[in-house]
Amino acid sequence: MTSKEIILQNIRKNNLVKDLGLPSYSNFGIKFDDPYSKFNQMIESVGGKTLFIKKEEIEDTIFNLFSKEKEIASNSLYFKKGNFFPNEQEDAHLLKNIDVAVVDGNFAVAENAAVWVSNKNNRHRTLYFIAQNIVILVDKKNIVHNMHEAYEKISFENISYGTFISGPSKTADIEQSLVIGAHGPKSGYVIFIE
């Protein structure tokens with residue numbers, strides 16, 4: 001028997017590691033008295049905005065916010081009045097002139113104002129990042145306090161893509177100064193639907 005085999009045999013014989021299982025995360029992470037206020041505070045800190053509106057006010061609200069924009073794309077279940085239909089485009093490069101993208105968010109996270117988007121009806125992932133402005137629609141009851149709760153809600157079984165989005169694109173790499181709209185949407189709204 002070689003010295004290597006002797007060492008490995010001794011390691012196997014003296015293995016003291018027991019399967020203790022994973023710890024419980026049920027009381028893990030920060031909780032907020034008012035998760036909506038925390039979400040609003042956090043999204044404003046990264047250059048975004050939050051609105052709370054009724055379902056029947058969605059169309060008027062979006063058209064009022066973006067009255068001067070020409071190409072409004074939507075594959076949202078809540079907003080059907082877009083004039084550009086990204087899912088009908090074969091090539092994602094054809095989305096380059098979208099002024100406003102209206103998309104559905106699965107749920108929001110109060111801790112960091114992130115919204116999980118994994119719309120399986122969205123043909124082009126670039127829709128989230130190529131538009132000049134993004135509006136994410138989230139059902140008001142779909143909010144969690146922290147990222148630990150968020151990860152519990154995510155399932156990758158029937159989706160091929162998902163991401164967290166928090167406000168418009170931004171960077172602070174240049175002279176440590178926050179620049180909004182550096183490499184993606186220059187404005188970001190999260191609209192909670194009541």
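## A buried serine in a loop

With a relative accessibility of 10%, S169 counts as buried, because buried means under 20%. The model in which this residue is seen is a predicted one. S169 belongs to the loop that runs between β8 (163-165) and β9 (170-171), and its side chain reaches the backbone nitrogen of H183 at 3.3 Å.

When residues up to four places away in sequence are not counted, S169 touches V179, I180, G181, A182, H183, G184 and P185.

## A buried asparagine in another loop

N122 is found in the loop between β5 (114-117) and α4 (127-130), and at 10% relative accessibility this asparagine counts as buried, because the value is under 20%. The side chain of N122 makes a polar contact with the side chain of N75, at 3.2 Å, and a polar atom of the N122 side chain also lies 3.2 Å from the backbone oxygen of H124.

Once the neighbours within four places in sequence are left aside, the residues in contact with N122 are N75, N87, L127 and Y128.

## The cavity

A search of the whole structure finds 1 cavity of 30 Å³ or more, and the largest cavity has a volume of about 30 Å³. Its lining is formed by I43, I134, I136, I165, G167, G188, Y189 and V190, which by class are 6 nonpolar and 2 polar residues, with no charged residues.

Two strands, β6 (133-139) and β11 (187-193), each supply at least two residues of this lining, and the largest share, 3 residues, comes from β11.

## The largest pocket

The largest pocket holds about 370 Å³ of space. Of the 20 residues that line this pocket, G105, N106, S118, N119 and K120 are the closest to its centre.

The lining of the largest pocket divides into 8 nonpolar, 8 polar and 4 charged residues, whereas the lining of the largest cavity has no charged residues. β6 gives the most to the lining of the pocket, with 3 residues, and β6 is also one of the strands that supply at least two residues to the lining of the largest cavity.

Terms used
Residues are numbered from 1 along each chain as its sequence is written. This is a predicted model: local features need pLDDT of at least 70, side-chain atom pairs count only at pLDDT 80 or more; totals for chains, interfaces and linings use all residues. Side-chain values use heavy atoms; hydrogens and water are left out. On a 1 Å grid over the protein atoms alone, a cavity is a set of points where a 1.4 Å probe fits but cannot get out, and a pocket is an open set with protein on both sides within 12 Å along at least five of seven lines; lining residues have an atom within 4 Å of a point. Grid points are joined across faces, edges and corners, and a volume is the space filled by probe spheres set on the points. Helices (H or I, at least four residues) and strands (E, at least two) are DSSP runs, numbered from the N terminus. Ala, Val, Leu, Ile, Met, Phe, Trp, Tyr, Cys and Pro count as nonpolar, Asp, Glu, Lys and Arg as charged, and the others, Gly among them, as polar. Buried means under 20% relative accessible area, exposed over 50%, partly exposed in between (1.4 Å probe, protein chains only). A polar contact is a pair of N or O atoms within 3.5 Å; within protein, one must be able to donate a hydrogen and the other to accept it, and residues adjacent in sequence count only if both atoms are side-chain atoms. Contact means heavy atoms within 4.5 Å.
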